[in-house]
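This report covers a ligand site and a set of individual residues. The structure comes first, and the notes follow it.

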Amino acid sequence: MILNEHIIRNNYNQIMEDIKKYSPYPEKVKILFVSKYFSLEDHSKIINMGYNYFGENRAQLYRDKREIFKDEEKYDYLKWDFIGRLQKNKIKYIIDNVNLIHSVDSYELLKEVNEKAKTINRVVDVLIQINISGEKSKAGIEIEELNREYEQYFSFQWVKVRGFMTMLPFDANDEEKMSYFYKMFELKQKYSMKYDYVEELSMGMSNDYMQAIKNGATILRIGSKLFK
Ligand SMILES: *Cc1c(COP(=O)(O)O)cnc(C)c1O
């Protein structure tokens, strides 16, 4: 991949414009720069362009980047989220400094993150990943299950559930995208009335961010659309 700063800036600004036009609350919406595609060298260039909110999906690469991008003032302003499937034995690579874990896809994982967070005395913010389409191949918890068991999910001392995340089936059409995202919006509204710190709705990637914006996403996770 050849990194073209001009293209990245243009695409980023275009998405910002779409947020202003189509979001019910533009001031709440953040673009998470999905940086998993970038080597250390290219990532360094992107940091120098001024972007500061990144998402990684592999625990080791997350750890390596955090190891490299530190000890300089410009790195103090960076926020790093984790968005990929997280294995229990890799929580240790991210737990010390992660800003938000988007991909807590089971009660067991939530419990384990809580255990690890406790050992370092740090309350960690997480999102519950929802399997909105109910497809067996998709990660996440189904809404019905959450509704049944939610008190347990919100009962931990060292993890704070700040909202929900979802990924749609790759072949969803526009109408399905709108309807899945709207269900996510309703879910967030419902739980934000029970727990006032539930504020985030992480949804929308390169091929469905427009529908996500319209349905109240607060974090868009954008990768390829930024540099293509
Ligand atoms: C890669 C990835 C994205 C970004 O995907 P694009 O289609 O490149 O925008 C978003 N969320 C997750 C969980 C990812 O793994």
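Glu27 sits in the loop between α1 and β1 (30-34); helices (H or I, at least four residues) and strands (E, at least two) are DSSP runs, numbered from the N terminus. With a relative accessible area of 66%, Glu27 is exposed. Here buried means under 20% relative accessible area, exposed over 50%, and partly exposed in between, with a 1.4 Å probe and protein chains only. Glu27 and Gln87 are 60 residues apart along the chain, and 34 Å separates their C-alpha atoms.

## Basis of the values

The model is predicted, and local features need pLDDT of at least 70, side-chain atom pairs count only at pLDDT 80 or more, and totals for chains, interfaces and linings use all residues. Residues are numbered from 1 along each chain as its sequence is written, and side-chain values use heavy atoms, with hydrogens and water left out.

## The ligand site

Which residues surround the ligand? The shell consists of Val34, Lys36, Tyr37, Asn57, Ile83, Met167, Met205, Ser206, Arg221, Ile222, Gly223 and Ser224, where a residue is near a molecule or strand if one of its heavy atoms lies within 4 Å of it. By class, the shell holds six nonpolar, four polar and two charged residues. In this scheme Ala, Val, Leu, Ile, Met, Phe, Trp, Tyr, Cys and Pro count as nonpolar, Asp, Glu, Lys and Arg as charged, and the others, Gly among them, as polar.

Polar contacts are pairs of N or O atoms within 3.5 Å; within protein, one must be able to donate a hydrogen and the other to accept it, and residues adjacent in sequence count only if both atoms are side-chain atoms. A polar side-chain atom of Ser206 is 2.5 Å from a ligand oxygen atom. The side chain of Arg221 has an N or O atom 2.8 Å from a nitrogen atom of the ligand. At Ser224 a polar backbone atom takes part, 2.8 Å from an oxygen atom of the ligand. On its own the ligand has 390 Å² of accessible area, of which the protein covers 90%; accessible areas come from the Shrake-Rupley method with a 1.4 Å probe, and for residues only the protein chains shown count as cover.

The ligand takes up the space of the largest pocket. On a 1 Å grid over the protein atoms alone, a cavity is a set of points where a 1.4 Å probe fits but cannot get out, and a pocket is an open set with protein on both sides within 12 Å along at least five of seven lines; lining residues have an atom within 4 Å of a point. A molecule sits in a cavity or pocket if more than half of its atoms lie within 2 Å of its grid points.

## Positive phi angles

Most residues other than glycine have a negative phi. Asp71, not a glycine, has a positive phi of about 65°. Asp71 belongs to the loop between α3 (59-68) and β3 (79-82), and is exposed at a relative accessible area of 70%.

Asn121 is also a residue other than glycine with a positive phi, near 60°. The loop between α4 (107-119) and β5 (124-130) contains Asn121, which is exposed, with a relative accessible area of 61%.

## Residues in strands and helices

The Arg162 side chain reaches the backbone oxygen of Tyr197 at 2.9 Å. Leu201, in strand β7 (residues 200-202), is buried at 0% relative accessibility.

Ile8 lies in helix α1 (residues 5-22) and is buried, at 0% relative accessibility. Gln60 is in helix α3 and is partly exposed at 33% relative accessibility.
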